[in-house]
Amino acid sequence: MGFLDFLFGKSEKQPKEVLCSDEIEAINTPGEYSVKLVNRGAAVLQVCKCLNDLVTHDLKASKYMCDTAPCIVKEDMSEQGAEILKRELEKAGATVTVEKRG
């Protein structure tokens, strides 16, 4: 394992999990739920990377969300998509809540 692999959480023993297309589609399906990042946790790089991959596609915006927590990271999502995003952010070490609009 190289230094960059260590830095970004890659390991030879644990291949990176990739979301299936149904889960990615669920995250992008409109609905009435929001995902709120309450606390970024100690693993800031992993949380930024997760936000970058699943929400913003912009590392600077992901870092800003981590630094300004608590904040809404994604709005108007389906319930299933919100739960998937919550699960992935919690795996990365963040504290997350799902809120229903209305």
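The structure holds zero disulfides. In this predicted model, Cys48 takes part in no disulfide, although the sulfur of Cys66, the nearest cysteine sulfur, is 3.4 Å away. A pair of cysteine sulfur atoms would have to lie within 2.5 Å to count as a disulfide. Cys71 is likewise in no disulfide, and the nearest cysteine sulfur, again that of Cys66, is 7.8 Å away. Cys48 is buried, with a relative accessible area of 5%; Cys71 is also buried, at 15%. The accessibilities of these two cysteines are set out below with those of two further residues.

| Residue | Relative accessible area | Class |
|---|---|---|
| Cys48 | 5% | buried |
| Cys71 | 15% | buried |
| Asp76 | 40% | partly exposed |
| Leu45 | 44% | partly exposed |

**Overall organisation**

The secondary structure of the protein amounts to five helices and three strands. Read from the N terminus, the elements follow the order α-α-β-α-α-β-α-β. Of the 102 residues, 31% count as buried. The protein exposes about 6,700 Å², and carbon and sulfur atoms supply 53% of that area. Among contacts with a separation of 6 or more, residues 24 or more positions apart account for 75%.

The three strands form an open sheet in the order 2-1-3, with antiparallel pairing. Strand 2 (71-77) and strand 3 (95-100) are the edge strands, each pairing on one side only. On average, and with direction ignored, neighbouring strands of this sheet are turned by 20 degrees against each other. Helix 5 (residues 79-92) packs on the sheet and touches strand 1, strand 2 and strand 3. The direction of helix 5 makes about 150 degrees with that of strand 2.

Strand 1 (residues 33-39) pairs with strand 3 in the antiparallel sense over six bridges. Lys36 has Thr97, in strand 3, as its bridge partner.

Strand 2 contains Asp76. Although Asp76 is not a glycine, its phi is positive, at about 55 degrees. With a relative accessible area of 40%, Asp76 is partly exposed, because a residue counts as buried under 20% and as exposed over 50%.

A cis peptide bond links Ala69 to Pro70, with omega near 5 degrees. Pro70 is placed in the loop between helix 4 and strand 2.

**Helix 3 and its surroundings**

Helix 3 (residues 44-56) spans only 16 Å between its end C-alpha atoms, whereas a straight helix of 13 residues would span 18 Å at 1.5 Å a residue. His57 follows helix 3 and has a positive phi, near 60 degrees.

Which residues of helix 3 are buried? They are Val47, Cys48, Cys50, Leu51, Asn52, Leu54 and Val55. An α-helix has 3.6 residues a turn, so residues three or four places apart point the same way. The cover over the buried residues of helix 3 includes helix 2 (21-27), strand 1, helix 4 (59-67), strand 2 and helix 5.

Leu45 also lies in helix 3, but Leu45 is partly exposed, with a relative accessible area of 44%. Between the C-alpha atoms of Leu45 and Ser62 the separation is 9.8 Å, the two residues being 17 residues apart along the chain.

Terms used
Residues are numbered from 1 along each chain as its sequence is written. This is a predicted model: local features need pLDDT of at least 70, side-chain atom pairs count only at pLDDT 80 or more; totals for chains, interfaces and linings use all residues. Side-chain values use heavy atoms; hydrogens and water are left out. Two strands pair if DSSP finds at least two bridges between them. Helices (H or I, at least four residues) and strands (E, at least two) are DSSP runs, numbered from the N terminus. Axes are lines fitted to C-alpha atoms, for helices over the stretch in contact, and angles run from 0 to 180 degrees between N-to-C directions. Contact means heavy atoms within 4.5 Å. Buried means under 20% relative accessible area, exposed over 50%, partly exposed in between (1.4 Å probe, protein chains only). The expected span of a helix is 1.5 Å times one less than its number of residues. Accessible areas come from the Shrake-Rupley method with a 1.4 Å probe; for residues, only the protein chains shown count as cover.
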